[in-house]
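Please keep the sequence and the structure in view while reading.

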Amino acid sequence: MFLSVTEDLVRRRAEHNNCEIFSLEEISLHQQEIEKLEHLDKWCRDLKILYLQNNLIPKIENVSKLKKLEYLNVALNNIERIENLEGCEELKKLDLTANFIGELSSIESLKCNIHLKELFLMGNPCTEFEGYRQFVVATLQQLKYLDSKEIERSERIKALQDYPEVQWKIREQEEAYLLKRAREKEEAQRRMQEKKDEKQKQMDSKLGCDSPDSPQEKPNQAEADGEQERCRTVENYDDDEDRKFWEEPTPYTPESRLETHRYIEEKTETYIRVLVKGKPFQLVLPEEVKPDSSSAKRSQTTGHLVVTMPKVCKIGDITQRSLNVVSTLGIDCNSEQENSCSFEKLEVDPSKYSFPDVAKIVQEKERTGQGPIKFQPQKVTEAKKSSDDFENNEDVPPLI
């Protein structure tokens, strides 16, 4: 199974363009474990800059319709020859650093890219060929820079003069390299088959140790000790396998790079493996689970094998699940939150601050002589309080 460019991946990497892919001009798809290059020439016709470095792409393909593409970076991949770029009419910069290009004559396909000014081939097997730079400089006369080094006019004249002799040397070295690559591919296939067979044996041995359908008869002590020792040996196999894999000398080839990726992917994936009636059953899980809390039991009603594996919940998942439970129980989260939060208000002491009564700013005047006498407001006079020694003598005239 290989990983290709998906629409979801492209949209996620197009956040700077509001996740719109039809008008996308630049996209970075580096370190995405892509093994097949496709769909971009249909979805993103306006691409000008495309980053695909550090993937597992074995071949340049499905980019010929990107007429506006100016910069293509496919460094650190498994590419072995240059091809299918004739349709990229505006291509100005091509980065093929650290690939596996040994067929140097394949650069002749870049003659059609008349705007190509910069080419990077550092870290490829072809750079070790005698006459490598002279051949490239003479073949691609539109280039201005090769491997970050400017091409001088005198260098190009000399390369063109020596081109027939250099071309013959390059052809010979290419043939030798292609024969070497054929042997490497055969050796890689042989090693892969051996490891597959060895892994199957170890898997069968491990499943025999972890079988849930164990016999009901209790084995004797000698058999139990032997079984425990075999189980311990199987458990130590993983550590020995890791040590052997990383310490074993391996040539740096596209096959070994892909094998390393597969090995790391296998070690990091989550799976369940059960032995049912002597036959192994393995299922890769899409999410991480808790193995200590998992169980495999047979249903007493249907007889089916029921495997229960709780997921490893992240903080965000726990919060969301809690909210879902609360909403299911009919609890108003907003009211709960409001009641749980208390606010202190700033109170003003009225004894320290007095404010005028707006309604009594204008005093009401006495209304006299208005309307009938019976409706006129009457004066209410309070009787003055008299003292105890006061005598009311009617003969004495009033003071006022």
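Is Arg-262 buried, partly exposed or exposed, judged by its relative accessible area? In this predicted model, Arg-262 is partly exposed, with a relative accessible area of 30%. A search of the whole structure finds 19 salt bridges, and some of them are described below.

**Salt bridges between separate parts of the chain**

- Arg-262 forms a salt bridge with Glu-35, and their closest N and O atoms are 2.9 Å apart.
- Because Arg-262 lies in helix H8 (residues 254–268) and Glu-35 in the loop between strand E1 (26–28) and helix H2 (40–43), the pair ties together parts that are 227 residues apart in sequence.
- Glu-35 counts as buried, at 11% relative accessibility.
- Lys-67 forms a salt bridge with Glu-89, with the closest N and O atoms 3.9 Å apart; Lys-67 is partly exposed at 40% relative accessible area, and Glu-89 is partly exposed at 44%.

- Glu-184 and Arg-181 both lie in helix H5 (residues 163–209), three residues apart, or about one turn of the helix, and they form a salt bridge whose closest N and O atoms are 2.9 Å apart.
- Arg-181 counts as buried, at 4% relative accessibility, and a network of salt bridges links Glu-80, Arg-181, Glu-184 and Glu-255.

**A loop residue**

- Ser-109 is placed in the loop between strand E4 (93–95) and strand E5 (118–120), and Ser-109 is buried, because its relative accessible area of 19% falls under the 20% cut-off.
- Leaving aside neighbours within four places in sequence, Ser-109 is in contact with Ile-82, Glu-83 and Glu-86.

Terms used: Residues are numbered from 1 along each chain as its sequence is written. This is a predicted model: local features need pLDDT of at least 70, side-chain atom pairs count only at pLDDT 80 or more; totals for chains, interfaces and linings use all residues. Side-chain values use heavy atoms; hydrogens and water are left out. Helices (H or I, at least four residues) and strands (E, at least two) are DSSP runs, numbered from the N terminus. Buried means under 20% relative accessible area, exposed over 50%, partly exposed in between (1.4 Å probe, protein chains only). Contact means heavy atoms within 4.5 Å. A salt bridge is a side-chain nitrogen of Lys or Arg within 4 Å of a carboxyl oxygen of Asp or Glu.
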